[in-house]
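Student: I would like to go through a structure with you, starting with its aromatic residues. Could you show it to me?

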Amino acid sequence: MKHILHVAFALILSSSAFAQPDSEVFPDFTYSDLNGIDQNLYSYLDQNKIVIIDIFATWCPNCVNSIPGVEAIWEEHGPDGDDSVMILSMERDANTNNEAAFVNTHGIENPVITGAEDFIANTLNVPYQPYFFVVCPDRSYELRIGGIGGDSTILTDFFEDCSSIVSVEEQQEVAFSLLNTVVDADLFVFSNGANSQFKIVSTSGQLVRSGALSFGDNNIDLSSLAAGTYVVQLTNEKGQLSQQIVKR
């Protein structure tokens with residue numbers, strides 16, 4: 001599973017700058033935004049949306065300078081655009097109380113969350129701002145440290161790495177650069193997977209199963225898995241595939 005670090009600074013002063021969530025799967029959360037609406041990350045991912053987590057502080061100049069780039073993504077890909085992206089901005093400084101005024105001053109339209117400071121510091125391991133997490137529907141993510149100014153492509157270039165959700169009930173065939181996959185109720189079926197290692201991870205980041213696939217193997221038995229959402233990761237010499245599946 002990818003989570004590639006993209007750093008905007010020429011010099012990093014401490015190893016804490018590279019902190020990321022401990023899990024290979026981005027952790028779920030639910031927090032109320034400034035309008036009192038609950039914002040749940042996985043509910044958007046389950047709708048096959050890409051979610052940008054924008055970590056900011058109201059007093060941060062680079063955060064303010066990044067607003068045009070973020071708003072450009074919202075206009076093109078948000079609810080009034082192609083509706084493929086949700087942006088959730090999260091204020092990380094517990095000592096500020098001017099978020100509503102900040103939103104009004106800068107014309108921010110996407111949901112803005114306060115009260116998530118512990119989650120940002122202790123679960124996401126974010127020591128400062130701005131940070132941007134681009135979270136794919138399969139729960140994998142990429143990280144951008146530093147502002148983006150008005151250049152929305154710094155974040156949208158990550159979108160092409162995101163895979164779509166596949167329900168095991170739909171039995172859809174999906175093309176990938178490494179493998180072609182077909183999923184049904186009890187088997188995760190694929191081609192060209194010889195000599196691969198596999199992992200099945202729950203959405204909470206727990207390893208459920210792992211193993212090796214021998215030559216000629218083309219499926220992983222899912223019959224013993226409880227109903228729920230998982231990420232299947234296949235790795236071989238050609239590369240790596242991470243695909244979300246829904247066992248019903």
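Student: Are Phe 56 and Phe 102 buried or exposed?

Tutor: Both Phe 56 and Phe 102 are buried; buried means under 20% relative accessible area, exposed over 50%, and partly exposed in between, with a 1.4 Å probe and protein chains only. This is a predicted model, in which local features need pLDDT of at least 70 and side-chain atom pairs count only at pLDDT 80 or more, while totals for chains, interfaces and linings use all residues. Residues are numbered from 1 along each chain as its sequence is written, and side-chain values use heavy atoms, with hydrogens and water left out.

Student: How many aromatic pairs are there?

Tutor: The structure holds nine aromatic pairs. Rings of Phe, Tyr and Trp (its six-membered ring) pair if their centres lie within 6.5 Å; planes under 30 degrees apart count as stacked, over 60 as edge-to-face and the rest as tilted.

Student: Why is the pair of Phe 26 and Tyr 141 edge-to-face?

Tutor: The planes of Phe 26 and Tyr 141 stand at 75 degrees, with ring centres 5.4 Å apart, so this pair is edge-to-face. Phe 26 belongs to the loop between strand E1 (5-7) and strand E2 (30-32) and Tyr 141 to strand E8 (residues 141-145), so the contact ties together parts 115 residues apart in sequence. Helices (H or I, at least four residues) and strands (E, at least two) are DSSP runs, numbered from the N terminus. Phe 26 is buried, with a relative accessible area of 0%, and Tyr 141 also counts as buried at 0%.

Student: And why is the pair of Phe 56 and Phe 102 stacked?

Tutor: The ring planes of Phe 56 and Phe 102 are at 20 degrees and their centres 5.5 Å apart, so the pair is stacked. It links distant parts of the chain, with Phe 56 in strand E4 and Phe 102 in helix H3 (residues 99-106), 46 residues apart.

Student: Which residues do ring pairs link into a cluster?

Tutor: Phe 26, Tyr 128, Tyr 131, Phe 133 and Tyr 141 are linked in this way.

Student: A change of topic: what sits over the ring of Tyr 42?

Tutor: The charged end of Arg 139 does, 3.9 Å from the ring centre. The criterion is NZ of Lys or CZ of Arg within 6 Å of the ring centre and within 35 degrees of the ring normal.
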